[in-house]
Amino acid sequence: GYTFTASFEDEAIFKQCTFEGKAMFKYSRFERNTDFSGTNFEDDSTFKYAKFDRDINFSNTTFNEEATFKYAKFKNNVSFEDAIFKDTAIFKYTNFNDGVSFRSTNFEEDLDIKYLKVSGDFDITNMKVAYDIDSKYTQINGKSFAKYLIQKN
């Protein structure tokens, strides 16, 4: 099949939008501030290999089907605060270079964070995961996910 990419040179504002079909942002580049807050993804969404160069906001966003952020790179802090993932969330190989907030985020299925790397703040206050968290080789400021949780408590 074909792969189409999008590069957003200016701000990309998708605030409170509804994506009724698949939202495919694979290999996309977001060069300026990007806002998906309050957005509803009704079908699968993918940000696989996406690059976010500036501020990005996914707070209060609902992902009704599988959400993939595999290999995504975030240069600035990103918020998934109060987001709802109703299906599997995949953050495998994702890099958060300046922190991430999953404060009060609800993962209603599995959370895959294998090989995820976070530098900076890692806010998981009141985060809920209904089933499994796969955190193999995950690094939070140079520490394994398990060691990070032990140290935090």
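Trainee: In this predicted model, a residue counts as buried when its relative accessible area is under 20%. Is Phe122 buried or exposed?

Mentor: The relative accessibility of Phe122 is 8%. The cut-off for burial is under 20%, so Phe122 is classed as buried.

Trainee: How many strands does the protein chain have?

Mentor: The chain comprises 153 residues, of which 41% count as buried. Its C-alpha atoms fill a box of roughly 40 × 30 × 25 Å along the principal axes. Besides one helix, the number of strands is 26.

Trainee: What radius of gyration does the protein chain have?

Mentor: For 153 residues, a compact globule would come out near 15 Å.

Trainee: What share of the contacts with a separation of 6 or more comes from residues 24 or more positions apart?

Mentor: The set considered holds the contacts in the protein chain whose partners have a separation of 6 or more. Within that set, residues 24 or more positions apart account for 11%.

Trainee: Which are the edge strands of the open sheet?

Mentor: Six strands form this sheet, with parallel pairing, in the order E3-E7-E11-E15-E19-E23. An edge strand here pairs on one side only. That description applies to strand E3 (18–19) and strand E23 (128–129).

Trainee: Which residue in E23 is the bridge partner of Phe107?

Mentor: E19 and E23 run parallel and are joined by two bridges. In E23, the bridge partner of Phe107 is Val129.

Trainee: Which residues of the largest nonpolar core touch the most other members?

Mentor: In soluble globular proteins, nonpolar side chains tend to be buried together. The largest such core in this model has 38 residues. Those touching the most other members are Phe58, Phe69, Phe80 and Phe91.

Trainee: Which residues does Phe91 touch, leaving aside those up to four places away in sequence?

Mentor: Phe91 is one of the core residues that touch the most other members. Its phenylalanine partners beyond four places in sequence include Phe69, Phe80, Phe85, Phe96, Phe102 and Phe107.

Trainee: Why is the pair of Phe69 and Phe80 classed as it is?

Mentor: The whole structure holds 50 aromatic pairs. For Phe69 and Phe80, the ring centres are 5.4 Å apart and the planes stand at 90°. Planes over 60 degrees apart meet the cut-off, so this pair is edge-to-face.

Trainee: How far apart in sequence are the parts that the pair of Phe69 and Phe80 ties together?

Mentor: Both residues are buried. Phe69 lies in the loop between strand E12 (67–68) and strand E13 (73–74), and Phe80 in the loop between strand E14 (78–79) and strand E15 (84–85). The pair therefore ties together parts whose separation in sequence is eleven residues.

Trainee: What are the distance and the angle between the planes for Phe102 and Phe122?

Mentor: Phe102 is in the loop between strand E18 (100–101) and strand E19 (106–107), while Phe122 is in strand E22, so the pair ties together parts 20 residues apart in sequence. Phe102 is buried at 5% relative accessible area. The rings are edge-to-face, with values of 6.5 Å centre to centre and 80°.

Trainee: Which side chain makes a polar contact of 2.7 Å with that of Asp123?

Mentor: Asp123 belongs to strand E22 and is buried at 18% relative accessibility. Its side chain has a polar contact of 3.0 Å with that of Arg103. The contact of 2.7 Å is with the side chain of Thr125.

Trainee: Which side chain forms a polar contact with that of Asp53?

Mentor: Asp53 sits in the loop between strand E9 (51–52) and strand E10 (56–57), and counts as buried at 14% relative accessibility. Beyond four places in sequence, Asp53 touches Arg29, Phe30, Glu31, Lys75 and Asn76. The polar contact, at 2.9 Å, is with the side chain of Arg29.

Trainee: Which backbone nitrogen does the side chain of Ser144 reach?

Mentor: Ser144 lies in strand E26 and is partly exposed at 27% relative accessibility. Apart from neighbours within four places in sequence, Ser144 is in contact with Thr138 and Gln139. At 3.1 Å, its side chain reaches the backbone nitrogen of Lys147.

Technical notes: Residues numbered from 1 in each chain as written. Predicted model: local features only at pLDDT ≥ 70, side-chain atom pairs only at ≥ 80, totals over all residues. Heavy atoms only, no water. Phe/Tyr/Trp six-rings, centres within 6.5 Å; stacked < 30°, edge-to-face > 60°. Helix = DSSP H or I, 4+ residues; strand = E, 2+ residues; numbered from the N terminus. Buried < 20%, exposed > 50% of the residue type's maximum accessible area, 1.4 Å probe, protein only. Polar contact = N/O pair within 3.5 Å; in protein donor to acceptor, adjacent residues only side chain to side chain. Core = buried A, V, L, I, M, F, W, Y, C linked by side-chain atoms within 4.5 Å. Contact = heavy atoms within 4.5 Å. Pairing = 2+ DSSP bridges. Rg over C-alpha atoms; globule rule 2.2 N^0.38 Å.
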